[in-house]
Amino acid sequence: MAAYIIVDLLEISDPATFQDYGQKAGPTVAKYGGKALVVRGKLETLEGQWKPGSVVVLEFPSVARAKEWYNSAEYQPLRAQRMKSSKANMILAEGV
């Protein structure tokens, strides 16, 4: 069953570092069977008060693979780089 990592990117404090992160993170996502479905595209709030900064949606073949990527040795230094250069909320959602 597919799984989705959804990121609400609230702020980018260091654009150059964040851009470097994005270029390096993509290949690690692919290595774990993931793919980007949404990367900071145009947003429109249809209901409620949610005002996301930017949204990223990654699809993985399963929750297990998504967690393997998130906790992988390849992603850990990149995760630190992302956290240093930006603020975000992130969730993992199991598909149907």
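Predicted model: local features only at pLDDT ≥ 70, side-chain atom pairs only at ≥ 80, totals over all residues.
Which helix is Gln-81 found in? I looked this up to get my bearings, and Gln-81 turns out to sit in helix 3.

**Entry 1: Gln-81**

Is Gln-81 buried or exposed? I find a relative accessible area of 16%. Buried means under 20%, so Gln-81 counts as buried. I then looked for its partners, skipping residues up to four places away in sequence, and found that Gln-81 touches Thr-17, Asp-20 and Tyr-21.

**Entry 2: the sides of helix 3**

Next I asked which residues of helix 3 are buried. My list reads Leu-78, Gln-81, Arg-82 and Ser-85. These four cover an arc of only 100 degrees around the axis, so they lie on the same side of helix 3. I turned to the other side of helix 3 and found Met-83 and Lys-84 exposed there.

What do the buried residues of helix 3 pack against? I noted strand 1, helix 1, helix 2 (63-71) and strand 4 (86-94).

**Entry 3: helix 1 beside helix 3**

Two packed helices are described by the angle between their axes and the distance between the axes. Helix 1 spans residues 15-31 and helix 3 spans residues 76-85. I see that their axes come within 9 Å and cross at roughly 150 degrees. Angles over 145 degrees count as roughly antiparallel, so helix 1 is roughly antiparallel to helix 3. I also wrote down that the crossing of the two is left-handed.

Which residues make the contact? From helix 1, I listed Thr-17, Phe-18, Asp-20, Tyr-21, Lys-24, Ala-25 and Thr-28. From helix 3, I listed Leu-78, Gln-81, Arg-82 and Ser-85. Sorted by class, the contact has four nonpolar, four polar and three charged residues.

My last stop was strand 1, which covers residues 3-12 and holds Glu-11. Is Glu-11 buried, partly exposed or exposed? With a relative accessible area of 38%, Glu-11 is partly exposed.

I left aside neighbours within four places in sequence and found Glu-11 in contact with Ser-85, Ser-86 and Lys-87. Ser-85 is already in my notes as one of the buried residues of helix 3. Glu-11 and Ser-85 are 74 residues apart along the chain, and I find their C-alpha atoms separated by 8.6 Å.

Note on methods
Residues numbered from 1 in each chain as written. Heavy atoms only, no water. Axes fitted to C-alpha atoms, helices over the stretch in contact; angles between N-to-C directions. Parallel < 35°, antiparallel > 145°, perpendicular 65-115°, else oblique. Left-handed = near helix turned anticlockwise from the far one by under 90°. Contact = heavy atoms within 4.5 Å. Nonpolar A, V, L, I, M, F, W, Y, C, P; charged D, E, K, R; others polar. Buried < 20%, exposed > 50% of the residue type's maximum accessible area, 1.4 Å probe, protein only. Arc of directions from axis to C-beta.
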